[in-house]
Amino acid sequence: MTKLRTWIKENQDLIRTALWEDFKKPGPEVDLSEIFPVTSEINHTLKHLKSWMKPKSISTPLSMIGTSGQVYFEPKGSSLIISPWNFPFNLTVGPLVSALAAGCPAIIKPSELSPATSDLIQKMIRAIFQEEEVTVFLGEVEVSKELLKLSFDHIFFTGSPAVGKIVMKAAAEHLTSITLELGGKSPAIIDESADLNDAAGKLIWGKFVNCGQTCIAPDYLLVHEFQKDRLIMELKVFLQKFYDPKFEGIEKSPDYARIIGPRHFKRLCGYLADAVSKGASLDFGGKTVESTFYIEPTLLSNINKDMEVFNEEIFGPILPILTFTKIEEAIALINSKPKPLALYYFGNDTQNSKKVIEETSSGNVVLNDCIIHFLHNNLPFGGVNNSGMGKAHGHAGFLAFSHEKGVLKQRVGLNNVTMLRPPYGIQAKKIIQSLIKWF
């Protein structure tokens, strides 16, 4: 991990160049969303790894008096990391840090949709590791299919729920444990008590960083109906402030990335056209340029349930805005959909925020901000059901690649089960009944 950290710090320009080639990601955005999360993960892991690895003594229940127990941590074994294209460096190397921390050799299959970054990852791995420690396989989906036929001890997959189901089926053939980091429609609730200026700035950054191609980006807004018009106004102000401060057009902004390629560009244009044709109001943006895969940050309101933007995970720079009058309505809408990877609540109503946390289910919840929980190394990161399985980052990532082996030590001679062996006499039966009654 120390060698990995050194290589990353010495080759930041190469990382920035690769991500610019793949989808014009701005350099500062690369530093913040691709490099910093990895170096931070390494630093955090190196600081705590010795304590994570130590066998943990556990308390002894009264029924087991005379014994002692510990939990040992051992590597699960050979691991497969299949990573996505949207944060191709971060979401490849981050899981690798957890695998290395647990002592697992790994095969990495990065995305073919971000070829410059995938090539760089392969060069980095070859420069640092021996082949039997970590190796990289490049190629199309057929390479992933062949790798999934092999018997790994753990698979870490980041991608869509649809592909996650394929990975899960393949893992089941070998009874391989899995971590699935998926996605879904992550909602943001903007309550009547919210500071709209504060919320708007956070939402615009959280939604449009990486051109909206972020699994934990707010996928749609649920705003109190009395706040809708003012919120839209505030959102427009921050779009101008962040991406067009000189009024030259967002297309000329050096701080706004592009869509990864033609397939996703056409998909997003289809969502936009579908929404407008079915009555959505285009409150901001809507411009598209196919030659450069540019889609302007877009705000849509008057959304209905027949629109694709209401039903599909958007994964791009289109932000639908819905309204509610009571917090129960927002909660009911969220609960009518598959469980999201993240849920965001903006407001100062303690009762409402508590209600949202307790009456919805999501991978993580953030109050009065969005997406920054990914950078919190002490928080387990991951989804639930449709949005994922298992946790990542920090100690949770170490545990994902580790087998927790329980070890019990019994005393020699007379002990707590001596009287419970056959033949079962009256005394043994009384002791057993006492165990059932009292323990």
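Biologist: Asn 416 is at 23% relative accessibility, so how does Asn 416 count?

Modeller: Buried means under 20% relative accessible area and exposed means over 50%, with partly exposed in between (1.4 Å probe, protein chains only). Asn 416 comes out at 23%, so Asn 416 counts as partly exposed.

Biologist: Noted. For the ground rules, this is a predicted model, where local features need pLDDT of at least 70, side-chain atom pairs count only at pLDDT 80 or more, and totals for chains, interfaces and linings use all residues. Residues are numbered from 1 along each chain as its sequence is written, and side-chain values use heavy atoms, with hydrogens and water left out. Where does Asn 416 lie, and which residues does Asn 416 touch, not counting those up to four places away in sequence?

Modeller: Helices (H or I, at least four residues) and strands (E, at least two) are DSSP runs, numbered from the N terminus. On that numbering, Asn 416 lies in the loop between S18 and H15. Contact means heavy atoms within 4.5 Å, and leaving aside residues up to four places away, Asn 416 touches Ser 63, Met 64, Ile 65, Thr 67 and Gln 410.

Biologist: How many Å separate the C-alpha atoms of Asn 416 and Asn 311?

Modeller: Along the chain these two are 105 residues apart. For scale, the C-alpha atoms fill a box of roughly 85 × 55 × 35 Å along the principal axes. Between the C-alpha atoms of Asn 416 and Asn 311, the separation is 59 Å.

Biologist: Cys 211 is not a glycine, so what is its phi? And what is its relative accessible area?

Modeller: Most residues other than glycine have a negative phi. Cys 211 has a positive one, about 60 degrees, in the loop between helix H8 (196-208) and strand S9 (220-224). Cys 211 is buried, because its relative accessible area is 0%.

Biologist: Lys 24 also has a positive phi. Is Lys 24 buried or partly exposed?

Modeller: Phi of Lys 24 is near 55 degrees, and Lys 24 lies in the loop between helix H2 (12-23) and helix H3 (27-53). Its relative accessibility is 34%, so Lys 24 counts as partly exposed.

Biologist: Where is Ile 303, and what does Ile 303 contact beyond four places in sequence?

Modeller: Ile 303 is found in the loop between strand S13 (298-301) and H11. At 15% relative accessible area, Ile 303 is buried. Ile 321, which is 18 residues away in sequence, has its C-alpha 6.9 Å from that of Ile 303. Leaving out neighbours within four places, the contacts of Ile 303 are Ala 280, Val 309, Phe 310, Pro 320, Ile 321 and Leu 322.

Biologist: What about Ser 353: which residues does Ser 353 touch, leaving out those up to four places away?

Modeller: Ser 353 belongs to helix H13 (residues 350-359). Ser 353 counts as buried because its relative accessibility is 12%. Not counting residues up to four places away, the ones Ser 353 touches are Tyr 345 and Leu 367.

Biologist: Which element gives the most to the lining of the largest pocket?

Modeller: A pocket here is an open set of points on a 1 Å grid over the protein atoms alone, where a 1.4 Å probe fits, with protein on both sides within 12 Å along at least five of seven lines; lining residues have an atom within 4 Å of a point. The lining has 45 residues, with Phe 157, Gly 159, Ser 160, Pro 161 and Val 163 nearest the centre. Helix H6 (141-148), strand S6 (154-158) and helix H10 (262-277) are among the elements supplying at least two lining residues each. The top contributor, with seven residues, is H7.

Biologist: Zooming out, how many helices and strands does the protein chain have, and what share of its residues is buried?

Modeller: The secondary structure comes to 15 helices and 18 strands. Of contacts between residues at least 6 apart in sequence, 70% join residues at least 24 apart. Among the 439 residues, the buried share is 51%.
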